[in-house]
Amino acid sequence: MLRLETETGWWLVTHPDHARLAGSFAERWGNERFRAPEPRENVLKGISRHDDGWATRDAAPQITRQGKPSAFSVELVGKYSAFEEIDLADYLAVRDRAVRLIAEEDPYAALLISMHTYSLLSEHADRTTIAPQELPLLDAFLDRQREFQNELRLRMTEDRRFAAEHTTEETVLDHFQLLQATDNLSLLTCVDFRQPSHLLHPLPLRAGGRSPVAVQSVGSREFVLDPYPFAEPSLTFRFPARHVTGKTFATPAQLQRAFTSAPVEMLSVTVRSR
């Protein structure tokens, strides 16, 4: 779940809906300067479905020790230190499920999701928020992800759907970094982040090389991207959310009732060039 505080409560966005928004960004990605992803279908599938493993958990949202919805929030942008708010074994099971769900139908998409998971838990995770006795659990999970990535790479090279140039280490890295970039833009959107930011990695250009992309908030869920990676000078995307009334909840069941009874509404985000 992702949460955005309001005067009376919270906007809550499920992880799968956040990932679909990232996929919508990726679908429109590319212009005379930035290279569009190829193989397109597989990359878009990986980005759009990278959080499918969260569907069951998000259907029954939990609360933190303070009674807030347990969710990614504006305070966590740029870091990953919320392990005290979720059972680590449950969290790793969710992340593993996101990879395995799609692996049988699309090894390319599954590889991108596994790389995203590995990066999140190795390069961005704050290990000090994990109980020392649970660190071996995390490290064993990361080892299994590396092994599975090797299996997926082998399946890709043997799959005639993929041209040789699409399965090179450099090309796969480009697409993993596009997942990271669009995922981050979706996170910034869902928490309405107002500080200057960026899309994590320099992204590939048509003429060769890479360029970082800066993100500047110019209003509620409105961002200027520089340099701008889309063909149209301004784009508006819509995504579903539910608003729950109340800042804290006594029990998970209380939050779950509020979430289930709240109507699905459509929020929007606009991205534009300078």
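Predicted model: local features only at pLDDT ≥ 70, side-chain atom pairs only at ≥ 80, totals over all residues.
A cis peptide bond, with omega of about 15 degrees, joins Glu38 and Pro39, and Pro39 is placed in the loop between α1 (15-27) and α2 (40-48). A cis peptide bond is also found between Asp226 and Pro227, where omega is about -5 degrees; Pro227 belongs to the loop between β7 (222-226) and β8.

Positive phi values are found at residues other than glycine as well. Asp192, which is not a glycine, has a positive phi of about 50 degrees and lies in the loop between α7 (169-190) and β3 (197-198). Because its relative accessibility is 10%, Asp192 counts as buried. Arg221, likewise not a glycine, has a positive phi near 50 degrees and is found in the loop between β6 (214-219) and β7. With a relative accessibility of 15%, Arg221 also counts as buried.

In soluble globular proteins, nonpolar side chains tend to be buried together. The largest nonpolar core of the model holds 58 residues, of which Leu199, Leu225, Phe230 and Val271 touch the most other members. Helix α7 supplies the largest share of this core, with nine residues. Apart from this core lies another, of 12 residues, which includes Leu88, Tyr91, Ile130 and Phe141.

Helix α4 (residues 88-103) consists of 16 residues and reaches 23 Å from its first C-alpha to its last, close to the 22 Å expected at 1.5 Å a residue. Its buried residues are Leu88, Tyr91, Leu92, Val94, Arg95, Ala98, Val99, Ile102 and Ala103. These buried residues of α4 pack against α2, α3, α5 (107-122) and α6 (135-158).

Helix α3 (residues 55-58) contains Asp58, a residue that is buried yet has no salt bridge, the nearest side chain of opposite charge being that of Arg57 at 5.7 Å. A salt bridge requires a side-chain nitrogen of Lys or Arg within 4 Å of a carboxyl oxygen of Asp or Glu. Not counting residues up to four places away in sequence, Asp58 touches Met1, Thr14, His15, Pro16 and Phe259.

Elsewhere charged side chains do meet, and the count for the model comes to 17 salt bridges. Arg20, Lys45, Arg49, Asp52, Glu105 and Asp106 are linked in a network of such bridges. Within this group, the side chains of Arg49 and Asp52 form a salt bridge with an N to O distance of 3.0 Å; Arg49 is partly exposed, with a relative accessible area of 24%, whereas Asp52, at 16% relative accessibility, counts as buried.

A salt bridge is also formed by Arg210 and Asp174, whose closest N and O atoms are 2.5 Å apart. Because Arg210 lies in strand β5 (residues 210-211) and Asp174 in helix α7, the pair ties together parts that are 36 residues apart in sequence. Arg210 counts as partly exposed at 34% relative accessibility, while Asp174 is buried, with a relative accessible area of 5%.

The side chains of Glu222 and Arg272 likewise meet in a salt bridge, at 3.1 Å from N to O. This pair links distant parts of the chain, with Glu222 in strand β7 and Arg272 in strand β9, 50 residues apart. Glu222 counts as partly exposed at 25% relative accessibility, and Arg272 counts as partly exposed at 28%.

Note on methods: Residues numbered from 1 in each chain as written. Heavy atoms only, no water. Helix = DSSP H or I, 4+ residues; strand = E, 2+ residues; numbered from the N terminus. Buried < 20%, exposed > 50% of the residue type's maximum accessible area, 1.4 Å probe, protein only. Core = buried A, V, L, I, M, F, W, Y, C linked by side-chain atoms within 4.5 Å. Lys, Arg positive; Asp, Glu negative; His and termini not counted. Contact = heavy atoms within 4.5 Å. Expected span 1.5 Å × (residues − 1).
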